[in-house]
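Please read it alongside the sequence and the model.

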Amino acid sequence: MIYLVAGARPNFMKVAAVAKDLDKSGMPYKIVHTGQHYDTEMSGSFFQDLDLPVPHIHLGVGSGTHAEQTGKVMMAFEKVCLNERPRLVIVVGDVNSTVACALVSAKMQIPVAHVEAGLRSFDRSMPEEINRLLTDQISDLLFTTCADADENLKREGIPDDRIFFVGNVMIDTLYRYLEFAGESDALQRLGLLQGGRVRPYALLTLHRPSNVDERTQLERLLEVLNRIHRKIPLVFPAHPRTVKQMKEFDLISYVTYAEDVSIPDAWDSLRHLLMIPPMGYIDFLSLMAKAKLVLTDSGGIQEETTILGVPCLTLRENTERPITLKQGTNRLVGRDPEVIFHEASKVLEEKRGKTGMPKFWDGRAAERIVKILAARFKTEIA
Ligand code: UD1
């Protein structure tokens, strides 16, 4: 039996791609949902949109401090592994659930495969960087999205024969669902379609602790984002973490908060950027694909915009995905309001250039992964 671990929102699109190809291979697997993200908006709607089965095993850990969350996942996952010893555990990405399940498996001497290995921001103040470093050290098979990830792993002493450059499973899922995104009515609901034409708009996501956990920084960002909103309507599907912080810091007055999105024709009178609840995968993809500009501190969105050819400004000081700067549409603009405003203005005035396509971001990464796994494990996994 293979266990395929899903914990938080950015995991679900990666797991969906791997699950589809495991289905084809005939190797038996179970999806283990740790419950790190648990509500409909952050989890349930993704299972629906991505045609994922109801998780076979649900650990139901929920939120907590890093230690609480990681510890709870470890305790619950160990129990499950003791019950039915899986032959292989697949973890994806860099969230707390990833490192927690990898650690349990490694100590039980169950082989671990890490999908999206080797990405490095070289910034250890990011919790995800710690998760990446540790997960890669204890994984047996490391599947990478780009050549610089291979180099990072080799530098850290990972033997060559554990590293497999296979491409990007998140992009597999993007290609698979792009046509459904075309049928989404999200633009309509947001009043961004006028007489069948898309009204130019920009899209924002923001949830990194470095941007939202400190009041002054968050306020500075909201101020400049409103300046951008005066140039182009700005839509902000907000992560629950960000909403919580904005309420706590009394910063909600910086946005128009539409908990129920239905504001056709109101754009001209919206003084502040429009904050809405988190969106499902397909609706968000449709919004991203048609945006003039995306502003974000997410990791995956830097990759998705590269493939969609949509300019992306990353509001961070570093990125673990430098390939999107070299070959894609991404620009690292940091957190200085003047720089952000200047770069956003520049993008809005520029003509859209051609975008690159990093090697193996071709919709077949999961196929490559499953082929490698089948060659190693097929006879043992039943
Ligand atoms: C996590 C990941 C991050 C990823 C992000 C994407 C880690 C260390 N971080 O950060 O890498 O980019 O997910 O979303 O694993 N909450 C809800 N509903 C939910 C889930 C969370 O309201 O379904 C709230 C929690 O109560 C908590 C906050 O959101 O207050 C943060 O959730 P948590 O999973 O701890 O970390 P994220 O910031 O989401």
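How far is an oxygen atom of the ligand from an N or O atom in the side chain of His207? The distance is 2.9 Å.

## Basis of the values

This is a predicted model, in which local features need pLDDT of at least 70 and side-chain atom pairs count only at pLDDT 80 or more, while totals for chains, interfaces and linings use all residues. Residues are numbered from 1 along each chain as its sequence is written, and side-chain values use heavy atoms, leaving out hydrogens and water.

## The ligand site

Around the ligand are 21 residues, of which the closest are Gln36, His37, Asp39, Glu128 and Lys244 (a residue is near a molecule if one of its heavy atoms lies within 4 Å of it). Glu128 also has an N or O atom of its side chain 2.7 Å from an oxygen atom of the ligand. At Asn96, a polar backbone atom is 2.8 Å from a ligand oxygen atom. A polar contact is a pair of N or O atoms within 3.5 Å. The protein covers 89% of the 750 Å² of accessible area that the ligand has on its own (Shrake-Rupley method, 1.4 Å probe).

Helices α1 (9-25), α3 (66-83), α5 (127-138) and α11 (240-248) each give two or more residues to the shell around the ligand. The largest share, three residues, comes from α11. Helices (H or I, at least four residues) and strands (E, at least two) are DSSP runs, numbered from the N terminus. By class, the shell has five nonpolar, nine polar and seven charged residues; Asp, Glu, Lys and Arg count as charged, and Gly is among the polar ones.

## The sheet from β1 to β7

Seven strands in the order β3-β2-β1-β4-β5-β6-β7 form an open sheet with parallel pairing. Two strands pair if DSSP finds at least two bridges between them. Strands β2 (29-33) and β3 are joined by two bridges, and Val32 has Ile57 in β3 as its bridge partner.

Helix α4 (96-107) lies across β1 (2-6), β4 (88-92) and β5 (112-117), at about 160 degrees to β4. Contact means heavy atoms within 4.5 Å; axes are lines fitted to C-alpha atoms, for helices over the stretch in contact, and angles run from 0 to 180 degrees between N-to-C directions.

## The sheet from β10 to β16

The order β12-β13-β11-β10-β14-β15-β16 describes an open sheet of seven strands, with parallel pairing. Its edge strands, β12 (255-257) and β16 (330-332), each pair on one side only.

Three bridges join β11 (234-237) to β13 (273-276), and Pro237 stands opposite Ile276 in β13. Helix α12 (281-290) packs on the sheet, touching β10, β11 and β14.

Terms used:
Polar contact = N/O pair within 3.5 Å; in protein donor to acceptor, adjacent residues only side chain to side chain.
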